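Please examine the sequence and the three-dimensional structure shown here.

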Amino acid sequence: MSRVGGTAAHAGARRDGGLRGPACAAREASADRSGTPDGADRGATIGTFTTADQALLDEIANTILPTTAKSPGAKAAAAGPFMAVMVTDCYEPANQQIVREGLEKVERACQAMHRTGFLKATPAQRLAVITSLDQAQFDYMQNKKPEDPTHYFRIMKELALLGFFTSEIGCTQAMRYTESPGP
């Protein structure tokens, strides 16, 4: 296994989610496809992810990592398009299907809890859905056998975090950023 940045995780080591390449490559691919930093062109289809799918991924990510007084949220960092690129370009077909089906499950969970779609739900309703899904994935992962697939929400949450914290916004506004070499 090759190593980049000193850790296997940064090298894109095979993980439960089926990640095969570094996040930086997906971030660059996202920018290459849209011609803008962080894949900010939300008008393009990425793989099988429509603009509506990307908007849903954006809102899921933004519910996990909302805007705060100190930094913009995941949506401002274009986490949705980033997640679509990562799943399309770096995940095995079986894991791609898990994420695709997961989007439908998020919608069904929101409909069941609040009788509305995720995109039309209030921030409090979205948070309730995400909290419920996060607990479900945690319980699932605690009892998961090695051959069982990863829970769809686990993959989505990991990608939201990865997308945000590898973005310029995440690196420079959410984390302490010191340019190196410094003054």
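The structure is a predicted model, in which local features need pLDDT of at least 70 and side-chain atom pairs count only at pLDDT 80 or more, whereas totals for chains, interfaces and linings use all residues. Residues are numbered from 1 along each chain as its sequence is written, and side-chain values use heavy atoms, with hydrogens and water left out.

Helix α2 covers residues 51-64. Helices here are DSSP runs of H or I with at least four residues, and strands are runs of E with at least two, numbered from the N terminus. The 14 residues of α2 reach 20 Å from the first C-alpha to the last, close to the 20 Å expected at 1.5 Å a residue; the expected span is 1.5 Å times one less than the number of residues.

Buried means under 20% relative accessible area, exposed means over 50%, and partly exposed lies in between, with a 1.4 Å probe and protein chains only. The buried residues of α2 include D53, L56, E59, I60, N62 and T63. The partners against which the buried residues of α2 pack are α3 (79-90), α4 (93-114), α5 (123-143) and α6 (152-165), where contact means heavy atoms within 4.5 Å.

The largest nonpolar core has 38 residues, and I60, F118 and M156 touch the most other members. Such a core is a set of buried Ala, Val, Leu, Ile, Met, Phe, Trp, Tyr and Cys residues joined through side-chain atoms within 4.5 Å. At least two residues of this core come from each of α2, α3, α4, α5 and α6. Helix α3 gives the most to this core, with 8 residues. When residues up to four places away in sequence are not counted, F118 touches L56, E59, I60, T63, V106, E107, C110, R126, V129 and I130.

Charged side chains provide the next topic. Side chains of opposite charge can pair when their charged atoms come close. A search of the whole structure finds 5 salt bridges, each being a side-chain nitrogen of Lys or Arg within 4 Å of a carboxyl oxygen of Asp or Glu. One of them joins the side chains of R100 and D53, at 3.0 Å from N to O. This pair links distant parts of the chain, for R100 belongs to helix α4 and D53 to helix α2, 47 residues apart. R100 is partly exposed, with a relative accessible area of 22%, while D53 counts as buried at 15%.

Together with K75, E59 and R126 are linked in a network of salt bridges.

The salt bridge between E158 and R154 has its closest N and O atoms 3.0 Å apart. E158 and R154 are separated by about one helical turn because they are 4 residues apart in helix α6. E158 counts as partly exposed at 24% relative accessibility, and R154 counts as partly exposed at 29%.

Returning to helix α2, N62 is located there and counts as buried at 17% relative accessibility. With residues up to four places away in sequence not counted, N62 touches G73, A74 and K75. A polar atom of the N62 side chain lies 3.1 Å from the backbone nitrogen of A74. The C-alpha atoms of N62 and A76 are separated by 8.3 Å, and these residues are 14 residues apart along the chain.

Two loop residues complete the account. Most residues other than glycine have a negative phi. A78, although not a glycine, has a positive phi of about 60 degrees; A78 lies in the loop between α2 and α3 and counts as buried at 2% relative accessibility. R115, also not a glycine, has a positive phi of about 60 degrees. The place of R115 is the loop between α4 and α5, and at 78% relative accessibility R115 counts as exposed.

How values were computed:
A polar contact is a pair of N or O atoms within 3.5 Å; within protein, one must be able to donate a hydrogen and the other to accept it, and residues adjacent in sequence count only if both atoms are side-chain atoms.
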